[in-house]
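Could you walk me through this model in my viewer, one selection at a time? I would like to know what to pick next and what I will find there.

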Amino acid sequence: MALEIIESCVNCWACVPLCPNKAIYEAKPHFLIDADKCTECTGDFAEAQCVAVCPIEGAILDELGVAMNPPGSLTGISPEHWAEAQAEIAAR
Amino acid sequence: MDLPVITPEAPKAGGCSAGSCGSTADQMGDMSAEIRAKVQDHPCYSEDAHHYFARMHVAVAPTCNIQCHYCNRKYDCANESRPGVVSEVLTPSQAVKKTLAVAATIPQMTVLGIAGPGDPLANPERTFETFRELALKAPDIKLCVSTNGLALPANVDELAKYNIEHVTITINCVDPDVGAKIYPWIFWQNRRVYGREAAAILIEQQQKGLEMLVARGILVKVNSVLIPGVNDEHLKEVSKIVKAKGAFLHNVMPLIAEAEHGTFYGLMCQRSPTGEELKQLQDACEGDMNMMRHCRQCRADAVGLLGEDRGDEFTMEKVEAMEIDYEAAMAVRAELRARVTAELEAKRQKAHAAKSAPAVQVIQFQPRAAKPAGRPVLMAVAAKGGLVAIHFGHAREFLIYEASAAGAKFVGHRKADAYCSGDETCGEGESVLGRTIRALQGCEVVLCARIGIEPWGNLEAAGIQPNGEHAMEPIEEAVMAVWNEMLVAGKLDARSLAKSA
């Protein structure tokens with residue numbers, strides 16, 4: 001049971017100090033999670049901390065490869081409503 | 001008999017220090033001696049000081065605990081100048097080394113700030129270790145911090161420990177419904193909170209933090225990002241509230257939202273305010289609050305005077321190679337600070353004396369009925385070191401002054417691309433010139449050291465009078481000389497006001 005950081009990571013450091021297992025480390029070209037140390041925060045927190053703070057949709061996957069913060073989850077705008085929201089904001 | 005009163009805004013007894021001239025520097029007259037002492041060599045808190053004193057930011061705080069729609073967390077870019085952008089994140093010990101190297105090389109550097117690239121208080125260990133070391137090793141440097149405020153109440157006591165005299169809080173709203181359009185989420189108590197609920201928590205913490213800082217005698221500046229259609233009207237209320245709670249200065253900054261920055265607002269085509277919209281809002285808030293007009297929206301690793309960045313001279317590689325004798329540097333720094341402070345004081349006295357002079361001269365030209373004596377005029381100045389000193393085509397920014405019977409008042413600056421930077425780029429000159437002219441919207445005069453024939457014609461066609469007759473003169477004298485000429489020529493009477501409106 002472990003999470004994985006993928007190439008859309010922007011190396012913003014937000015997750016590193018939050019990990020209760022110190023499983024996240026700086027690497028090139030992007031940060032990585034040590035799968036042996038990661039517990040997905042079970043027993044420590046209700047939400048995996050890296051997932052709860054990551055600002056990039058899709059940058060952290062679960063062990064099945066599913067995005068923990070799927071498209072639209074952080075902006076609050078689902079992909080099918082993107083154009084509509086853009087039109088509204090552009091008109092300001 | 002009644003004498004013609006020609007300066008309705010004229011300084012009362014006590015001259016400009018009575019507080020009606022408007023700019024931060026002039027309003028220093030209203031401050032207690034204690035506050036004046038705290039801001040007189042801080043370039044971000046005193047408009048006067050920023051011509052003489054420099055600041056630097058050390059990027060020790062990468063982590064952030066909120067998401068703002070105007071920020072892209074992929075911050076590593078050397079080519080952009082805006083908050084939150086840095087080239088290298090430093091460890092606290094590297095930051096201390098860099099600070100000492102800069103302080104020894106640039107003795108005007110009086111202030112060390114931590115402003116990101118994330119939020120300093122979301123990285124408390126790194127931020128406070130830096131402050132702790134610097135308080136010991138460089139007691140002559142003022143420390144300050146700029147935060148989104150979410151973690152402020154939890155850290156106020158720690159901040160007070162290091163003798164931090166200045167804190168900036170970015171407050172864009174006091175209404176969670178407005179906040180929900182700016183902040184999609186925050187990280188709070190180990191979970192992600194979204195939308196209105198997130199904004200409500202953030203606002204509560206910001207306001208609580210502001211109150212706690214004021215209670216401890218720490219000077220608070222409030223930064224607000226002006227986002228058209230989101231918080232433009234609302235910022236007037238923000239200004240009133242933060243002033244009532246004891247914030248000392250309000251800095252309303254224009255939103256930066258270019259698509260290529262990859263921010264949410266940039267990608268969604270949220271527009272930025274025009275220079276005129278920004279000024280109107282600053283003017284509207286000014287009745288209630290001391291407004292900062294000279295902010296250059298610098299990077300989280302900026303080094304030098306506001307508006308210039310010498311960061312390239314102090315990469316960690318170069319800093320590691322420097323040998324610094326800080327004891328010796330401190331003596332040089334103290335001497336320079338004393339000299340500049342005296343110079344500033346003399347300049348302030350002289351400026352006040354000069355400002356009352358035109359009012360007296362004006363009397364002679366004014367027929368009795370002509371009241372008020374000439375409308376205010378906005379002028380753009382290509383300036384350096386307090387003088388009209390830059391060629392129009394080389395100016396990267398223009399300082400904007402409002403000239404009126406009450407004197408020349410600094411009201412902001414407008415960015416421009418230097419369109420004439422050499423042969424290879426001159427092909428694009430025209431479109432850049434067009435953009436510059438648009439940026440100067442609302443100004444009637446542009447003062448510069450020199451100007452070419454082509455831009456002269458284009459400016460005139462756009463209703464902006466170029467003026468190169470005051471090269472190397474002090475800005476305020478030049479601005480008032482031009483205004484007085486316009487007044488004498490009858491360009492500032494009520495009829496011309498109606499025409500220009």
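Strands here are DSSP runs of at least two residues, numbered from the N terminus, and two of them pair if DSSP finds at least two bridges between them. Keep in mind that this is a predicted model.

Now zoom in on strand 2 and strand 6 (residues 185-188) of chain B, which pair in the antiparallel sense over 2 bridges. Which residue stands opposite Gln67(B)? Look for Trp185(B), in strand 6 of chain B.

**Then: the chain contact.** Show chain A as well; 20 residues from chain A and 22 from chain B take part in the contact. On the chain B side, strand 7 gives the largest share, 3 residues. By class, that side has 11 nonpolar, 6 polar and 5 charged residues.

**Last stop: Lys74(B).** Find Lys74(B) in the loop between strand 2 and helix 3 (92-105) of chain B. Is Lys74(B) buried, exposed or partly exposed? Lys74(B) counts as partly exposed because it has 17 C-beta neighbours inside 10 Å, and buried would take 20 or more. Leaving aside residues up to four places away in sequence, Lys74(B) touches Val10(A) and Gly262(B).

Methods
Residues numbered from 1 in each chain as written. Chains lettered and ligands numbered in written order. Predicted model: local features only at pLDDT ≥ 70, side-chain atom pairs only at ≥ 80, totals over all residues. Helix = DSSP H or I, 4+ residues; strand = E, 2+ residues; numbered from the N terminus. Contact = placed C-beta atoms within 7 Å. Nonpolar A, V, L, I, M, F, W, Y, C, P; charged D, E, K, R; others polar. Buried ≥ 20, exposed ≤ 12 C-beta atoms within 10 Å, placed from the backbone.
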